Amino acid sequence: MRQRPFKQVDVFTAQPYLGNPLAVVLDGDGLTTETMQQFTNWTNLSEATFLLPPTEAGAAAGADYRVRIFCPGRELPFAGHPTLGSCHAWLEAGGRPRTPGRVVQECGVGLVTLRQDGERLAFAAPPLLRSGPLDEADVALIARGLGVERSDIVAHAWCHNGPNWRGVMLASAEQVLALRPDAAVLGALDVGVVGPRGKVGVIGGHGPDAGSGGGGADGDGVAFEVRAFFPGNNGLAEDPVTGSLNAGLAQWLIGAHLAPPKYIAAQGTALGRAGRVHVEQDGDTLWVGGGSVTCVDGQVLV
């Protein structure tokens, strides 16, 4: 064990303590998988990351750094808020990308490109590993676990992009915020729930009248409310703000014309947070971004 540079970053917020915290060990060299997992479990956060030099193949393909992403109990091939938070920490610690304004991260799903949008970072959403509608049995189970009627779920789809997200849409943001999920029913499922601030499908088949402050958005331009439920260390947990889920939801919703090509989603409201996820479809690339702020900066013994 030795002292290693460390940052704790709040992601999807520009204001400290209103987003989703991430532990970042800036030098993961020599650490075993077991040590990384043990440290992650100890932090009691939803994820921790460990930065490493890119592999030989990754470097040849243009990677600036490599990251290993862990959540309680397992390693993840990709996750959104750890991608943004790790890149923020890497840049703040003096990392210099090969291409100005673009950072290439190597992780379990391969290479992920990030772009700098002023003070925000955004990642290019990786392709979905599974898409299309959920099985009806899953939809019925999720409805029961969320405590709603089956008819309250107005749309559903696989949003699997590393984490095995199942996405469901309710008719309104208010319904999403009122959920009281039953851990015994949802069990080991990763479930993402989205509801629009406006009505579903009100603008020429293109979803809520939202975007950067449209008629379906509120005063700060929020078009959707999102919540994420997953199995944690002590049973069902709720993630404050989830990049991978929002990426999968956006690919589904925009592709199904249930959302405009540019919008803002809120997440964490039910937990007293104020996460904001900025989504933008630019040609064939879907960008998912948000602010990050470092709250703890120093050394950690690991």
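The dialogue below takes up a helix, the nonpolar cores, aromatic rings and a loop residue.

Modeller: Please bear in mind that this is a predicted model.

Colleague: Is α7 mostly covered or mostly uncovered?

Modeller: Mostly covered, for 11 of its 13 residues are buried. Among them are L245, L249, W252 and L253. After the helix comes H257, with a positive phi near 60 degrees.

Colleague: Where do nonpolar side chains tend to be in soluble globular proteins?

Modeller: They tend to be buried together. Here the largest nonpolar core has 52 residues, and F224, W252, L253 and Y263 have the most contacts inside it. Helix α7 gives the largest share of this core, 7 residues. There is also a second, separate core of 17 residues, which includes V139, L146, V168 and V191.

Colleague: How many aromatic pairs does a search of the whole structure find?

Modeller: It finds 7. One of these joins F39 and W42 in a tilted arrangement, 5.8 Å centre to centre with 35 degrees between the planes.

Colleague: Why do residues three or four places apart in an α-helix point the same way?

Modeller: An α-helix has 3.6 residues a turn, so such residues point the same way. F39 and W42 are 3 residues apart in helix α1, residues 33-43, and therefore about one helical turn separates them. F39 counts as buried because its relative accessible area is 7%, under the 20% limit. W42, at 65%, counts as exposed because the limit for that is over 50%.

A second pair, F50 and F70, is edge-to-face, at 5.8 Å centre to centre and 85 degrees between the planes. This pair links distant parts of the chain, with F50 in strand β3 and F70 in strand β4, 20 residues apart. Both F50 and F70 are buried. Together, F6, F39, W42, F50 and F70 form one aromatic cluster.

Colleague: Finally, where is R180 found?

Modeller: R180 lies in the loop between α5 and α6. R180 counts as exposed because its relative accessibility is 62%. Leaving aside neighbours within four places in sequence, R180 is in contact with G145, L146 and R227. Its side chain also reaches the backbone oxygen of L177 at 3.5 Å.

Notes
Residues are numbered from 1 along each chain as its sequence is written. This is a predicted model: local features need pLDDT of at least 70, side-chain atom pairs count only at pLDDT 80 or more; totals for chains, interfaces and linings use all residues. Side-chain values use heavy atoms; hydrogens and water are left out. Buried means under 20% relative accessible area, exposed over 50%, partly exposed in between (1.4 Å probe, protein chains only). Helices (H or I, at least four residues) and strands (E, at least two) are DSSP runs, numbered from the N terminus. Contact means heavy atoms within 4.5 Å. A polar contact is a pair of N or O atoms within 3.5 Å; within protein, one must be able to donate a hydrogen and the other to accept it, and residues adjacent in sequence count only if both atoms are side-chain atoms. A nonpolar core is a set of buried Ala, Val, Leu, Ile, Met, Phe, Trp, Tyr and Cys residues joined through side-chain atoms within 4.5 Å. Rings of Phe, Tyr and Trp (its six-membered ring) pair if their centres lie within 6.5 Å; planes under 30 degrees apart count as stacked, over 60 as edge-to-face and the rest as tilted.
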